[in-house]
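Please read the following report alongside the sequence and the coordinates.

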Amino acid sequence: MGWKLNATVDWMPISIEKMRNTGLVSMYNKEHPDAKVLAGDEILQVNHIQWHHNAKIFVDRLEAQFTAARKSERVGTPSNENVLKLSIRRPRSVSDTPEEQVYTKQYSAQLALKDSRPLGWHLNKSSDAEPIVVEKIRRGSLLDSYNKANPEAMVRVGDTILKVNDLPWHGNTKKFADRIDKEFGISRPHRGQMPSDKTLNLVMQRRLVQPIMKEWTVTLPAGEGKILGWQLSHSEEEFPLTVSKVRSNGVVYEHNQEHPESKILPGDVIVKVNSILWRQDSSSFEKRLNEQYSKSKVTGNISLFLRRPVGVQDAFAEDKGRPFSHEFYIRLPIVNGQIVGWHLSSDNETAPIKVEKVRNVGAVHDWNEKNPLTDIRVGDHIAKVNNVLWHGQAKQFLERINLQLEAARKDEGNPFVTVLVQRPWPVTTTLPEDAGAGEDVVGDGDDAETGVVE
């Protein structure tokens with residue numbers, strides 16, 4: 001199993017005291033990163049057997065179930081039928097801090113030694129406990145020429161050398177470096193000699209280490225005509241599929257607006273989509289992710305499990321880079337017969353919809369009186385009402401807002417609209433008193449309370 005159990009207090013549930021990085025539990029955790037078993041978890045049931053306030057007996061019965069399962073495996077019982085089912089409870093004190101992720105890629109490089117040029121690398125061989133690391137590659141060298149001709153198996157700075165010809169690294173770095181020089185010296189032709197057809201065969205390893213600060217699951221709606229609205233990338237097949245860009249439209253953008261606590265950011269790593277796990281196969285995984293999104297349009301949702309490496313930050317988290325000083329949702333009550341009490345306008349057909357005026361009566365006024373921390377102010381942008389998102393067409397957006405307001409008035413059971421408010425940073429420039437005269441005010445007029453039909 002690969003765990004150590006704690007059953008010292010007979011009337012307390014047995015708990016997992018320690019877990020090894022080998023064994024069935026470790027294998028399970030790798031296959032189910034979104035439902036991992038952690039040290040400190042308490043085991044309440046194994047298969048049909050429940051814990052009944054006798055820890056020692058329960059441990060014996062758990063081990064008996066495990067032994068029986070192993071016997072079934074030996075006689076050929078199918079793996080999908082021969083499982084150990086556990087019911088687990090996690091105390092609040094259990095830390096679920098994500099583990100550091102280490103990704104590796106091994107590849108071979110065959111260097112043709114046709115002339116007397118030096119290899120052209122500088123190696124770090126300071127530690128006998130670590131493999132030799134390539135620190136520098138000189139331009140115009142034999143290794144540089146190889147890299148240009150073999151971009152898919154190029155040797156990079158930071159890669160380690162595991163094997164040269166038939167000689168593996170064995171923990172004595174300085175001695176191994178001397179053997180590399182000797183192998184190269186024997187194989188390459190010296191100045192004035194005929195070109196050689198010999199090669200220097202290298203087995204190299206590339207590592208990517210990512211400390212992780214967050215793991216979480218996101219469920220996104222998948223509807224016809226909707227795009228995810230992100231760009232994905234990977235540096236190597238064996239390295240994780242990563243969000244490189246989030247566009248300003250699409251399902252991911254809408255999720256970020258509605259759920260700022262679980263935003264998907266550039267730099268986040270996609271580990272799992274629905275039931276499909278990434279298995280060091282980024283190109284194939286990206287293709288299967290897109291297939292899952294297409295299939296999910298039938299079921300309505302797609303589930304993603306993500307990891308956020310340390311250093312990934314929201315570009316808008318710092319005031320310096322944020323387009324708005326404040327963004328928030330409100331659930332505005334719409335009482336039948338009551339005006340909304342705002343006036344909405346736009347500088348032009350493609351400019352954002354702004355609150356130009358808030359009256360001292362109406363739904364907005366009442367909201368502001370009760371909610372001073374999320375009040376609607378003159379100058380605020382209205383980015384979304386219910387499921388209607390601002391899309392760059394002012395007239396159409398206002399018409400659709402009107403439909404949402406009318407529907408809320410007629411809905412006695414749910415007379416509300418949900419509004420996404422964006423507050424721009426204050427402008428410090430002093431403007432003339434007549435500034436803004438001649439603006440294209442949508443819905444302006446003596447009877448226009450909101451810029452949409454009341």
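## Backbone sites, packing and ring contacts

Asn386 is partly exposed, with a relative accessible area of 26%, where buried means under 20% relative accessible area, exposed over 50% and partly exposed in between, computed with a 1.4 Å probe on protein chains only. This residue sits in the loop between S21 and strand S22 (388–389), and its phi is positive, about 55 degrees, although Asn386 is not a glycine. Helices (H or I, at least four residues) and strands (E, at least two) are DSSP runs, numbered from the N terminus.

The model is predicted, so local features need pLDDT of at least 70 and side-chain atom pairs count only at pLDDT 80 or more, while totals for chains, interfaces and linings use all residues. Residues are numbered from 1 along each chain as its sequence is written, and side-chain values use heavy atoms, with hydrogens and water left out.

The protein chain averages a pLDDT of 82, and 89% of the residues score at least 70; pLDDT is the predictor's confidence in each residue, from 0 to 100. Over residues 429–454 pLDDT stays under 50, and for these residues the model has 48 contacts beyond four places in sequence, a contact being heavy atoms within 4.5 Å. The protein chain has eight helices and 23 strands, and 39% of its 454 residues count as buried. Among contacts between residues at least 6 apart in sequence, 68% join residues at least 24 apart.

His53 belongs to the loop between strand S4 (49–50) and helix H2 (55–74), and is exposed, with a relative accessible area of 56%.

Helix H6 (residues 282–299) has 18 residues and reaches 25 Å from its first C-alpha to its last, close to the 26 Å expected at 1.5 Å a residue; the expected span is 1.5 Å times one less than the number of residues. Its buried residues include Ser282, Phe285, Leu289, Gln292, Tyr293 and Ser296, and their cover includes strand S12 (212–221), strand S13 (230–233), helix H5 (251–258) and strand S17 (301–309). Just after H6, Gly300 takes a positive phi of about 105 degrees. In H5, Val251, Val252, His255, Asn256 and Gln257 are buried, and the buried residues of H5 pack against S12, S13, strand S14 (242–246), H6, S18 and S23.

In soluble globular proteins, nonpolar side chains tend to be buried together. Here a nonpolar core is a set of buried Ala, Val, Leu, Ile, Met, Phe, Trp, Tyr and Cys residues joined through side-chain atoms within 4.5 Å. The largest such core has 25 residues, of which Leu332, Ile334, Trp342, Leu344, Ile382, Ile401 and Val417 touch the most other members. At least two residues of this core come from each of strand S18 (324–333), strand S19 (342–345), helix H7 (363–370), strand S21 (381–385), helix H8 (394–410) and strand S23 (416–424), and H8 gives the most, with six residues. Apart from this core lies another, of 24 residues, among them Tyr103, Leu232, Ile264 and Leu304. Leaving aside neighbours within four places in sequence, the contacts of Ile334 include Val340, Ala363, Leu405 and Val417.

A search of the whole structure finds two aromatic pairs. Rings of Phe, Tyr and Trp (its six-membered ring) pair if their centres lie within 6.5 Å; planes under 30 degrees apart count as stacked, over 60 as edge-to-face and the rest as tilted.

| Aromatic pair | Centre to centre | Angle between planes | Class |
|---|---|---|---|
| Tyr103 and Trp278 | 5.5 Å | 75 degrees | edge-to-face |
| Trp390 and Phe397 | 5.5 Å | 70 degrees | edge-to-face |

Tyr103 lies in strand S6 (residues 101–112) and Trp278 in the loop between S16 and H6, so their pair ties together parts that are 175 residues apart in sequence. Both Tyr103 and Trp278 are buried. In the other pair, Trp390 counts as partly exposed at 22% relative accessibility, whereas Phe397 counts as buried at 0%.

Charges also sit over rings, which requires NZ of Lys or CZ of Arg within 6 Å of the ring centre and within 35 degrees of the ring normal. The charged end of Lys105 is placed over the ring of Tyr107, 5.6 Å from its centre, and Lys214 lies over the face of Trp216, at 4.5 Å from the ring centre.
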